[in-house]
Every structure is written in C-alpha cells, then in structure tokens.
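I am opening a new page for this protein.

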Amino acid sequence: MNLRKTLRHGLLWLLTLTLSQLVLAANGPQYASQGMVVSQNALASEAGAQVLREGGNAIDAAVATAFALAVTHPTAGNIGGGGFLIHRPAKGDAQTYDFREKAPAAAHPEMWLDEAGNYDYEKHHSSHLAVGVPGTVAGLYLAWQDGGTLPWARLVAPAIALARDGFTVTHGLARSLNTTGMRRFEPYPASVAQFTKDGTPYEAGDRLVQRDLAATLQRIAEAGPKGFYEGETADLLVKEMAANGGIITHDDLKAYEAVRRAPILGSYRGYEIIGMPPPSSGGVTMVQMLNVLEGYDLSASGFGSARTLHLMTEAMRRGYANRARYLGDPDFNPGMPLLELLSKDYANLLRGSIDESTASVSDPGSFTWGYESPETTHFSVVDGARNAVSVTYTLEYSYGSGIVVPGAGFLLNNEMGDFNGKPGLTDTRGLIGTPPNVAEPGKRMLSSMSPTIVAKDGALFMVTGSPGGRTIINTTLQTILNVVDHGMNAQAAVDAGRIHHQWLPDRISYEAQLFSPDTVKLLEALGHETRAQSRQGVAEVIVVNPETGVLEGGVDGRAPDGGAAGH
Ligand code: DON
C-alpha cells in the first residue's frame with residue numbers, strides 16, 4: 001500500500017515537474033516575488049534558486065548557479081574559462097569582478113606564427129597555445145568573499161552532486177555534444193571519454209556522470225581557489241600542458257588573481273546603466289550607443305520600424321568603431337580615453353554625424369575584425385532584498401579548446417583566440433593587429449561580454465546580458481531598448497527580433513523570421529547592406545515591475561534548456 005502511495009506521489013511529482021517545465025517554455029514571463037535566477041539551464045537556475053530559498057543572497061545564488069552550469073551546460077558553463085560579474089547591492093555601490101583569463105608568462109605577440117612566420121589560425125584557436133590561465137574559480141571566490149553569506153562548500157555542493165550522480169541529458173545537449181562537441185573533442189581521448197559512453201554518443205534521456213569533474217569540484221569546495229590553482233588540479237592541468245606544447249605553468253596558475261573594478265556608469269532617459277569596464281568592451285560601447293540613441297524618440301518611431309533600426313545601426317557603427325580603436329586590457333593600456341567616450345558631449349558629436357535619411361559608410365581604415373565565437377552564457381540573479389548579480393562567462397568557442405584535463409574532468413578555454421593574432425596583421429579574412437590587444441605576458445584579452453544592471457530612482461530595475469561574441473553588446477542593448485522605449489515585459493523583450501552592426505563589415509545582420517521583408521527593403525533603400533541570419537544571442541533577463549515590485553523573468557527560447565527558477 002505504502003509502495004503504491006509512494007509511486008502515485010512520484011507520478012504526481014513527475015507530472016507537476018513536466019507541467020512546470022512546459023510552463024517555463026510558454027510565452028509569458030516567469031514571475032516570482034522573493035527572488036529569481038534565469039540562466040541557460042533550468043537545473044542550474046534551480047540550484048541557485050534553492051540557495052535563495054535557504055536564505056542565501058544573490059551572490060550566493062550566482063556562485064551556485066555558475067558551478068552548476070559548469071556541469072550541466074558544458075558548452076560554456078565552466079571552471080576552466082573566465083568572465084565578468086556585476087553586483088549591485090540593494091544598498092551601497094555596485095562592484096564588478098573581472099575574472100577574465102590571462103596570457104601565461106611565456107606568451108608573446110608572435111606565438112601563433114608557424115616556422116615560416118605565417119599566422120596559424122588553428123594554433124591560435126584550437127591548440128594548447130589557445131588556452132588562457134582560467135579565472136572563473138578565483139572570480140567567484142572573490143565575489144563570495146566580498147558579499148556571500150552561505151558557506152562556500154554549500155554553494156559548490158549542487159554542482160558536485162550533479163557531476164557525481166549525473167543528470168539527464170536533454171535533446172539539446174545530446175545534439176550539441178554529438179555535433180559541435182565531437183568535432184572539438186575528437187583529438188583528445190579524455191574529452192571523448194567524458195562526453196561519450198565509451199565512444200557511443202549520448203542520447204536524450206541518458207544520464208551524464210562526470211566523476212573526475214566531481215572530484216575537482218570537491219577539492220574546490222574544500223580548499224577554495226587553492227583546490228584549483230594549486231595541488232592536484234594544478235598538477236593535472238600543468239602535466240597536460242607540458243605534454244602537448246602548452247605553456248601554462250604552476251607559477252601562472254598561482255599568480256592568477258581576479259580583480260575588482262569600478263563599473264562603467266551611464267544614464268539613459270533617467271535610468272542608471274551599470275556596465276562592465278575594460279577588459280570588457282561591453283559597458284563602454286553600450287553607454288556610448290545609449291547616449292547617441294537618447295537623442296531620438298525611439299518610442300515614437302516604434303519597435304522594428306526602419307527608422308528605429310536605422311538609428312540603432314548608426315549608433316552601433318560608431319560604438320563598435322571606437323571599440324576597435326581604443327579598447328584593451330586597462331592594466332596594459334593606461335591611456336584609454338574612457339571619460340571622453342562615455343560623455344554626453346561626445347555622443348552629441350557622434351549624433352551630429354548621423355544622417356537620418358541615409359546610411360553612413362564605415363571607413364575600413366587599415367583593419368577589420370577578428371573572429372569571435374558565439375558560445376558563452378549569461379545568467380541573471382535577484383534576491384529578496386533586491387540585491388542583483390549579472391554574470392557572463394565563457395570558454396570562448398563551444399566547449400572551449402575541446403580539451404578536458406585528463407583526471408580533472410573540466411574543459412579548458414581557448415580564450416587566447418580573442419587576442420589579435422599577429423602584430424600589424426590585417427587582412428580581408430577579418431584579422432586585426434592593432435596594439436592594444438596583442439598578446440603579452442599576464443595580459444587579459446579584450447572581450448565583448450556585457451553583463452549589465454539597470455536601476456531607476458535608486459531602485460533595481462533590470463538585470464540583463466547575453467552570449468554571442470561581438471553581437472553580445474547589441475543584443476544586450478536591444479533588451480534594454482525593448483523594455484525602456486517600447487514598454488515590453490521581460491519575455492517580450494527577449495523574444496523580439498534583433499539586429500547587429502559592428503562597423504566592419506559594413507552591414508546589418510537581422511533575425512530573418514522576426515523582421516518583415518518590407519522593413520528590410522526600406523533599410524536597403526537608406527543605403528544599408530543587409531544579411532539575414534537565423535538567431536542572435538541568448539539573453540536571460542530579469543525585470544522588476546516598478547509598480548508591484550514583482551520579478552519578471554525572460555528566458556530566451558533561441559537556445560534549448562534555459563529556465564527561470566523563482567522563490
Ligand atoms: O569574450 C568574448 O567576447 C568572447 N570570447 C565571447 C565568446 C562568446 O560570446 C561566445 N559566445 N557566445
């Protein structure tokens with residue numbers, strides 16, 4: 001009898017879970033009053049929300065979510081990569097944490113040339129020389145030391161359980177592991193072992209267990225960053241490097257430090273914008289674009305109209321041109337003109353160069369863009385006190401370098417690919433060689449990751465961000481415009497069609513199914529080149545309803561498996 005009861009209870013529970021998952025995939029925003037986590041993986045969001053239910057704050061929940069994503073979302077969730085975190089406490093000043101990877105001490109600007117002195121793309125993006133010194137564990141720990149309240153080990157625990165006991169492979173993960181993943185894993189037996197069943201591909205419904213990763217996470221839970229940057233984990237990483245032409249040493253690992261940096265602060269129609277400073281280009285570029293757009297009534301010209309898209313494009317063109325000209329690691333580029341770039345006066349000048357009825361022309365000058373992968377992940381967290389955390393972190397490519405550290409079970413990034421490939425090299429394939437972002441020992445490579453927080457009249461309003469390489473800044477920008485100018489709720493703001501222009505190449509990419517051909521024709525008539533694309537970014541957004549104080553979560557359906565979890 002008891003058994004039957006238990007079974008019935010189990011079935012009901014399963015049904016409820018299935019229904020709630022269906023609800024998560026439905027059209028409206030998710031709602032919560034006490035706190036919320038929105039990420040690209042529902043299991044990871046739940047790990048964070050459970051921390052909130054136990055009385056943890058937004059930083060605690062962010063740490064738990066980040067470690068869980070390293071297990072359940074291996075394309076970009078990581079401990080072997082890096083990223084950025086913005087914390088806006090309900091009271092006090094916002095703080096950002098830079099845990100971007102660093103170049104090892106033996107790095108130099110010409111490290112990706114072959115013996116004949118030619119640039120070697122594979123070496124730069126897909127070898128042990130593509131791996132930067134990881135920053136994630138140090139960054140999460142620093143943020144937790146500053147503002148966490150629950151024990152560190154409690155926050156790593158959900159990830160350990162997910163790695164040790166396994167979790168159910170979804171359709172999305174199976175497809176990703178067996179396509180993009182296998183291409184990256186193939187040269188590396190430890191990677192193939194971790195992400196296949198003895199060589200047989202995982203299918204949806206299988207259980208993915210990652211024992212070595214669980215053991216590494218256990219060391220991190222017990223010893224903090226020392227469990228990663230020193231001892232057994234470090235030994236395994238350095239051994240893998242030394243055996244394969246990599247250059248990361250014990251000294252590089254020990255020397256890695258995450259950094260607190262003052263946020264980029266801007267304003268847009270009375271809203272306060274809190275963005276990530278260099279080595280992310282996100283905050284500076286975003287605030288410039290918003291400053292330019294503030295001079296136009298976008299609400300009147302309307303979402304998706306040719307006029308609005310034209311003005312957005314011209315703001316993007318100018319913001320991205322300055323990104324290329326001026327931005328890099330601030331520790332190596334002390335002369336970046338940030339104050340000028342961020343000023344309203346400068347935006348007036350930029351706006352003065354915009355013709356409202358004709359596209360400007362991007363001057364190619366002497367360089368164009370390098371490639372940036374669109375695989376990263378963003379999550380947003382708000383707690384009951386309305387402390388907010390916005391995190392974007394990455395391995396760079398999907399599954400990073402594809403290299404799982406044998407015996408340690410985690411993927412290594414290929415973030416060195418974000419440095420310019422060779423000094424002075426500029427070619428039509430889109431490589432650039434400008435000085436602010438060439439490799440140097442200990443330098444951080446320039447990033448587009450743009451975790452962002454918006455406040456109004458001193459109160460939290462919005463937490464946003466997205467993956468997507470260079471498109472990140474534009475995707476995040478559009479989530480803000482959609483809410484502030486077009487009055488959309490969090491879900492509508494995430495669902496709405498997106499465009500991208502990055503100065504060079506001089507063209508607008510647009511999400512083909514989400515804009516009308518008529519609008520595209522009007523843009524072309526203004527002189528814009530256009531290119532249809534299938535999707536742009538995966539924004540995960542929380543908006544605080546200013547009237548009710550209720551949290552609205554917007555989960556991006558452009559990628560599978562995302563989820564909002566509330567408290
Ligand atoms: O830091 C950057 O800008 C890139 N490495 C991010 C890569 C990325 O966004 C891949 N994303 N989805």
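What percentage of the 567 residues of the protein count as buried? I looked it up: 62% of them do. I note here that this is a predicted model.

**Entry: overall build**

I counted secondary structure next. The protein has 20 helices and 19 strands. I then checked the radius of gyration, which is 23 Å. The globule rule gives 24 Å for 567 residues, so the protein is as compact as a globular protein of that length. I also took the span of the C-alpha trace along its principal axes, about 75 × 65 × 45 Å.

I turned to contacts between residues at least 6 apart in sequence. Of these, 73% join residues at least 24 apart.

**Entry: surface and charge**

For charge, I found 44 positive and 58 negative side chains. The centres of the two sets lie 4 Å apart.

**Entry: strand S11**

Is strand S11 enclosed or open to the outside? I went through residues 388-394. Seven of the seven are buried, with under 20% relative accessible area, so S11 is largely enclosed by the rest of the structure.

I then asked which way the side chains point. In a regular strand they alternate between the two faces of the sheet. In S11, Ala 388, Ser 390, Thr 392 and Thr 394 point one way. Val 389, Val 391 and Tyr 393 point the other way. Both groups are buried.

Which strands did I find joined to S11? Strand S3, residues 82-88, is joined to S11 by seven bridges and runs antiparallel to it. Here Gly 83 stands opposite Tyr 393. Strand S10, residues 377-382, is also antiparallel to S11, with six bridges. In this pair, Val 381 stands opposite Val 389.

I followed the chain from S10 into S11. The two form a hairpin with five residues between them. Arg 386 sits in the turn and has a positive phi of about 75°.

**Entry: the S14-S15-S16 sheet**

I moved on to another sheet. It is open, holds three strands in the order S14-S15-S16, and has mixed pairing. Its edge strands are S14 (499-500) and S16 (530-533), each pairing on one side only. I checked S15, residues 508-511, against S16: they pair in the parallel sense over four bridges. Which residue of S16 is the bridge partner of Tyr 510? I found Ala 532 there.

Technical notes: Residues numbered from 1 in each chain as written. Predicted model: local features only at pLDDT ≥ 70, side-chain atom pairs only at ≥ 80, totals over all residues. Heavy atoms only, no water. Pairing = 2+ DSSP bridges. Rg over C-alpha atoms; globule rule 2.2 N^0.38 Å. Buried < 20%, exposed > 50% of the residue type's maximum accessible area, 1.4 Å probe, protein only. Contact = heavy atoms within 4.5 Å. Lys, Arg positive; Asp, Glu negative; His and termini not counted. Charge placed at Lys NZ, Arg CZ, Asp CG, Glu CD.
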